[in-house]
Amino acid sequence: MPETEPRWREQRSSPVIRRGLLPSGDDARLGANEAPYGPPQPVLDAIMRSAVQGNNYAFDASGPLLGGLERWLGVPSSRILLGAGSNDILERAILALAGPGNEIVYPTPAYPIYASATAAGQAVGVPVANAADGSNDLEALRAAVTPNTSLLILCNPHNPTGGHAPTSAIAELVDGVPPGVVILLDEAYWEFSDEFQEGGQGGRGLLDAHPNLVCSRTFSKFFGLAGLRVGYGLVGSEELAAQLRLRQGPGAVTRVSLAGAEAALECIDIYRERLDELRRERERVAAACTELGLDPLPSQTNFLLMPEPLPQTAERMLEHGVWIRPGATMGCPGQIRVTIGTPAQNDRMLELLAGLVEEAGAPGSGDGEPVAAP
C-alpha cells in the first residue's frame, strides 16, 4: 500500500533555531560563529552601489571577484569556484562524488553537511572520530580509505571543536591518498589559525601538486559577510573544477554579494586589525573559562568548545539574551560552543557562565530539576 505521508529526512538542528528565538540588537549572538562587527564602510558602499542593479541576474558579474581572488591567492580563476557560502561548495563536491557504492570518509563530530549530503547522494558515509585535541585524526582518516572511497573530507581548523592540524601533516596525508580519491579540505576558519598569522598558505600551498584536491573557504567568518553568502573553492586542476562547476545552477551568488566580497578583498588591513583583536579576546575568554573549571579545547577558530556547567546551559543563557550553541546539536552532548564576540558580549556571556558554574557547585544543584540561570 503506498505511503500517504511524506518521508522527510530528519535533520539535526538547534531547538533555538527552530523556534526562531535568536537574540538581536544589543544582545549577544554567540551561537553561529558570526563576526561581531559589520562590514567596513568601503564594503557597505560597494553593496549599496550594486543594489541599483538588483533587477539583474549575476551571470556576468563574477569576473571581478574571481580576479581579486586570483591576485590574492595566486590560483588561476579557471580553478576557482564561487558559491552561496562554502556550504554550497561543500555540498556540490560531496554530491558530485557520491552515488551508490561509493564511500565518503569524513571526521566526526563535524559540520553536518558532510553526513547529510553523503546520505542525499546515496553514498556510504565513513565517519572517523577526531583526535583528543579536537583536530582531525589524520592517520585514522587515511586508514579508512578503501578502494571504494571516492571522497575524503578534512576540516582544518575543525568545526565544532576548534582543533588544528599543521599543514605539513595535511600534506603527508594528501601525498599518501590514491590520486583517484578526491580530497575536500574545508578551511572555513583558516584565517583564524596561527599559520595564517605567520604567512602560511594552508591547503592553497598543496593545490599545484595535487589535481585531486579542493579547498573550500568563505567570506562568512574572517570577512564577516555571513549574511551575503559568498564562498569559494580552490581546485587543484581545471578538469575537476569544470566538473564541479557543471553541478551549479546559474546565479548561485547574487550581484550584491559579489560586489561586497570583491570590496572586502581591498580591506585586508582592516580585517587583519579586527582579527588581532578577536584573537586576543579568544585567549582572554579561554583563560576565563579555564578559571571557571570548564577547560575549553585549544582553538584556532573564532569559537570555543567546552563542557556545559549544567544541563540546558544554552537554553538558560538565551533567556538572558545570550545565544550560544548546545553541543548536542553538533554531535557533542554535554558541551557548549561559544563564538567570540565583542568584549562587552564576551563579558556578559562569562558573567552568565560564572553564575551557572556557581550553581553547579552548590549542594544538591546537580540533582533533580535543573536550576535556572542567574
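In helix H9 (residues 238-245), Leu 240, Ala 241 and Leu 244 are buried, where buried means under 20% relative accessible area, exposed means over 50%, and partly exposed lies in between, for a 1.4 Å probe and protein chains only. Seen down the axis of H9, these buried residues fall within an arc of 100 degrees, so they line one face of the helix; the arc is that of the directions from the helix axis to the C-beta atoms. An α-helix has 3.6 residues a turn, so residues three or four places apart point the same way. Helices (H or I, at least four residues) and strands (E, at least two) are DSSP runs, numbered from the N terminus.

The structure is a predicted model, in which local features need pLDDT of at least 70 and side-chain atom pairs count only at pLDDT 80 or more, while totals for chains, interfaces and linings use all residues. Residues are numbered from 1 along each chain as its sequence is written, and side-chain values use heavy atoms, with hydrogens and water left out.

The buried residues of H9 pack against strand E2 (80-83), helix H4 (86-97), strand E6 (182-186), strand E7 (213-218) and strand E8 (231-235). Contact here means heavy atoms within 4.5 Å. Helix H5 (113-120) has its own buried residues, namely Ile 113, Tyr 114, Ser 116, Ala 117 and Thr 118. They pack against H4, E3, strand E4 (124-129), E5 and E6. After H5 comes Gln 122, whose phi is positive, near 60 degrees.

One of the partners of H5, strand E3, contains Ile 104. This residue counts as buried, at 0% relative accessibility. Leaving aside neighbours within four places in sequence, Ile 104 is in contact with several residues, including Ile 94, Leu 97, Thr 118, Val 126 and Ile 153. Ile 104 and Val 181 are 77 residues apart in sequence and 9.6 Å apart in space, C-alpha to C-alpha.

Thr 161 belongs to the loop between strand E5 (149-155) and helix H7 (167-176). What is the relative accessible area of Thr 161? The value is 5%, and Thr 161 is therefore buried. The side chain of Thr 161 reaches the backbone oxygen of Gly 134 at 2.4 Å, and a polar atom of that side chain lies 3.3 Å from the backbone nitrogen of Gly 163. A polar contact is a pair of N or O atoms within 3.5 Å; within protein, one must be able to donate a hydrogen and the other to accept it, and residues adjacent in sequence count only if both atoms are side-chain atoms. Not counting residues up to four places away in sequence, Thr 161 touches Asn 130, Gly 134, Ser 135, Leu 297, Pro 298, Phe 303 and Leu 305.

| Site | Feature | Angle |
|---|---|---|
| Thr 108 and Pro 109 | cis peptide bond | omega about -5 degrees |
| Asn 156 and Pro 157 | cis peptide bond | omega about -10 degrees |
| Arg 229 | positive phi, not glycine | phi near 60 degrees |
| Asp 295 | positive phi, not glycine | phi near 45 degrees |

Pro 109 lies in the loop between strand E3 (103-108) and H5, and Pro 157 in the loop between E5 and H7. Arg 229 is placed between E7 and E8 and is partly exposed, with a relative accessible area of 35%. Asp 295 is in the loop between H11 and strand E9 (303-307).

The remaining topic is empty space. Rolling a probe the size of a water molecule over the atoms shows where empty space is left. On a 1 Å grid over the protein atoms alone, a cavity is a set of points where a 1.4 Å probe fits but cannot get out, and a pocket is an open set with protein on both sides within 12 Å along at least five of seven lines; lining residues have an atom within 4 Å of a point. Grid points are joined across faces, edges and corners, and a volume is the space filled by probe spheres set on the points.

There is one cavity of 30 Å³ or more, and the largest cavity has a volume of about 180 Å³. Of its 19 lining residues, the closest to the centre are Ala 35, Pro 36, Tyr 37, Arg 274 and Leu 278. Helix H11 (residues 268-291) gives the most to this lining, with six residues.

The second largest pocket has a volume of about 280 Å³. Its lining has 16 residues, and Ser 62, Leu 82, Gln 248, Gly 251 and Ala 252 lie nearest its centre. E2 provides the largest share of that lining, three residues.
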